[in-house]
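Please look over the notes below with the structure open beside you.

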Amino acid sequence: MFGLSDLKQTRVYQEALAEGEERGLERGLQEGERLVVENLLRVRFGELDSQIQAIISRILQLPPEEFTPLLLHCSKQELLKRFPPEKSPGN
């Protein structure tokens, strides 16, 4: 009889497990980076308004060594100028 312990020994199971762990780790790192950016922005500017919330995903496209100095040194106006609002389709 083929049991759960037998299934766990198969190559397919091992590969699926490794892929799931890798995806989970990647997602966790992305969420952690987002929290760091949000926290730095809150410390600098207080509550995050809709303008700042709208640029967070664009800030996260930069590597941490680029976005960290921006978050520490740029004013809100400078950040909004550097990351202008994206135009919605149809505009």
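**Notes on the salt bridges**

1. Arg34 and Glu38 sit four residues apart in helix H2, so about one helical turn separates them. Their side chains meet in a salt bridge, with 3.7 Å from N to O. Keep in mind that this model is predicted.

2. How exposed are the two partners? Arg34 has a relative accessible area of 31%, so it is partly exposed. Glu38 counts as buried because its relative accessibility is 17%, and the cut-off for buried is under 20%.

3. Helix H2 covers residues 11-45 and also holds Glu15 and Arg11. These two are four residues apart, about one turn of the helix. They form a salt bridge, and their closest N and O atoms are 3.1 Å apart.

4. Arg11 reaches 59% relative accessibility, so it counts as exposed. Glu15 is at 45% and therefore counts as partly exposed.

5. Now turn to Asp49 and Lys76. Their salt bridge has its closest N and O atoms 2.2 Å apart. Asp49 lies in the loop between H2 and helix H3 (50-59), while Lys76 lies in helix H5 (residues 76-82), so the pair ties together parts that are 27 residues apart in sequence.

6. Are Asp49 and Lys76 buried, exposed or in between? Asp49 is partly exposed at 26% relative accessibility. Lys76 is partly exposed as well, at 21%.

7. How many salt bridges does the count give? The count comes to four. Among them are the pairs Arg34 with Glu38, Glu15 with Arg11 and Asp49 with Lys76.

Technical notes:
Residues are numbered from 1 along each chain as its sequence is written. This is a predicted model: local features need pLDDT of at least 70, side-chain atom pairs count only at pLDDT 80 or more; totals for chains, interfaces and linings use all residues. Side-chain values use heavy atoms; hydrogens and water are left out. Buried means under 20% relative accessible area, exposed over 50%, partly exposed in between (1.4 Å probe, protein chains only).
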